[in-house]
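Subject: A structure for you to look at

Hello,

Here is the structure I promised to pass on. Please open it beside this message and follow along as you read.

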Amino acid sequence: MGGVLGKGESPKKVWAPETKLEAKMVEAMQRRESQGSSVKSFNTVILKFPKIDESLRKCKATFEQFDEDSNGAIDQEELKKCFTKLEISFTEEEINDLFEACDINDDLGMKFSEFIVLLCLVYLLKDEPKALHAKSRIGMPNLEATFETLVDTFVFLDKNKDGYVSKNEMVAAINETTSGERSSGRIAMKRFEEMDWDKNGMVNFKEFLFAFTRWIGIDDIEDDENE
């Protein structure tokens with residue numbers, strides 16, 4: 001788990017990334033955060049859930065295309081072919097790191113929701129100065145607009161722009177939307193607990209994405225198909 005130096009929500013608090021990939025994620029997110037966010041409240045994002053859901057579901061055909069053995073999961077070899085096809089130039093080590101980070105069940109195969117999270121991380125990581133002039137980062141313009149909404153949401157939540165969302169930041173974001181409602185604190189805590197998988201009090205972009213796919217029901221697709 002990452003390490004906390006100092007106590008409380010003070011500016012001295014420094015969260016140490018656990019892996020090279022997490023460090024890159026945080027760095028890319030901080031770069032993006034310097035541009036600000038167009039999201040003004042968490043409610044505006046909730047209203048977009050149906051549209052985001054629809055956009056991500058359209059990616060199912062892409063997922064099936066790369067799932068060559070049609071076993072409902074993409075393995076590492078299939079992922080490498082996927083990156084080649086989408087012209088995503090990552091090193092083998094970077095691809096392996098991404099695969100391990102997104103293969104939550106450690107079953108050596110990425111399910112659809114894990115694949116979505118991976119593509120969104122790729123979208124964030126390709127946000128380099130030299131890549132900004134590229135028309136499309138991962139060859140899927142429609143999906144990229146949705147990913148931008150997800151990145152924008154995280155930027156909105158991360159008030160101190162350190163690349164992580166803390167419990168206090170989540171409460172602040174929900175309170176901005178539902179000020180005066182007594183239940184807003186409980187809603188914020190529930191949302192935060194759903195995101196904070198490893199219960200370490202801080203949420204990185206990957207954890208946020210996994211929670212988001214559950215909020216909009218992407219996991220339900222897999223459950224329906226497995227019945």
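Which residues of α1 are buried? They are Leu21, Glu22, Met25, Val26, Ala28, Met29, Arg32 and Glu33, where buried means under 20% relative accessible area, exposed over 50%, and partly exposed in between (1.4 Å probe, protein chains only). Seen down the axis of α1, these buried residues fall within an arc of 165°, so they line one face of the helix; the arc is that of the directions from the helix axis to the C-beta atoms. An α-helix has 3.6 residues a turn, so residues three or four places apart point the same way.

Before going further, a word on what you are looking at. This is a predicted model, in which local features need pLDDT of at least 70 and side-chain atom pairs count only at pLDDT 80 or more, while totals for chains, interfaces and linings use all residues. Residues are numbered from 1 along each chain as its sequence is written, and side-chain values use heavy atoms, with hydrogens and water left out.

The overall picture

The secondary structure of the protein comes to eleven helices and four strands. Helices (H or I, at least four residues) and strands (E, at least two) are DSSP runs, numbered from the N terminus. Of the 227 residues of the protein, 50% count as buried. Among contacts with a separation of 6 or more, 63% are between residues 24 or more positions apart, a contact being heavy atoms within 4.5 Å.

The UniProt annotation "domain: EF-hand", from an unreviewed entry, covers residues 54-89, 145-180 and 183-218. UniProt positions are given in the numbering used here, feature names are shortened, and annotations may be inferred rather than shown by experiment. In the model, residues 54-89 are 58% helix and 0% strand, and the end C-alpha atoms of this span lie 28 Å apart.

Helix α1 (residues 20-33) has 14 residues and reaches 20 Å from its first C-alpha to its last, close to the 20 Å expected at 1.5 Å a residue. The expected span is 1.5 Å times one less than the number of residues. Helix α6 also has 14 residues and reaches 20 Å, close to the 20 Å expected. It is mostly covered: 14 of the 14 residues of α6 are buried.

Aromatic rings

Rings of Phe, Tyr and Trp (its six-membered ring) pair if their centres lie within 6.5 Å; planes under 30 degrees apart count as stacked, over 60 as edge-to-face and the rest as tilted. By this rule the count comes to twelve aromatic pairs. One of them is the tilted pair of Tyr123 and Phe147, at 6.0 Å centre to centre with 50° between the planes. This pair links distant parts of the chain, with Tyr123 in helix α6 (residues 112-125) and Phe147 in helix α7 (residues 141-157), 24 residues apart. Tyr123 is buried at 6% relative accessibility, and Phe147 is buried at 0%.

The rings of Phe154 and Phe205 have their centres 5.4 Å apart and their planes at 80°, so this pair is edge-to-face. Phe154 is buried at 0% relative accessibility, and Phe205 is buried at 2%. Both belong to one aromatic cluster, formed by Phe42, Phe49, Phe154, Phe205, Phe208, Phe212 and Trp215.

Trp215 has a charge over its ring: the charged end of Arg191 sits 4.6 Å from the ring centre. Likewise, Lys159 lies over the face of Phe156, at 3.9 Å from the ring centre. A charge sits over a ring if NZ of Lys or CZ of Arg is within 6 Å of the ring centre and within 35 degrees of the ring normal.

Some loop residues

Cys59 lies in the loop between α2 (42-57) and α3 and is buried, with a relative accessible area of 3%. Leaving aside residues up to four places away in sequence, Cys59 touches Phe112, Phe115, Ile116, Leu119 and Leu143.

What is the phi of Ser70 near? It is near 50°, a positive value in a residue other than glycine. Ser70 lies in the loop between α3 (60-66) and α4 (76-85) and is exposed at 61% relative accessibility.
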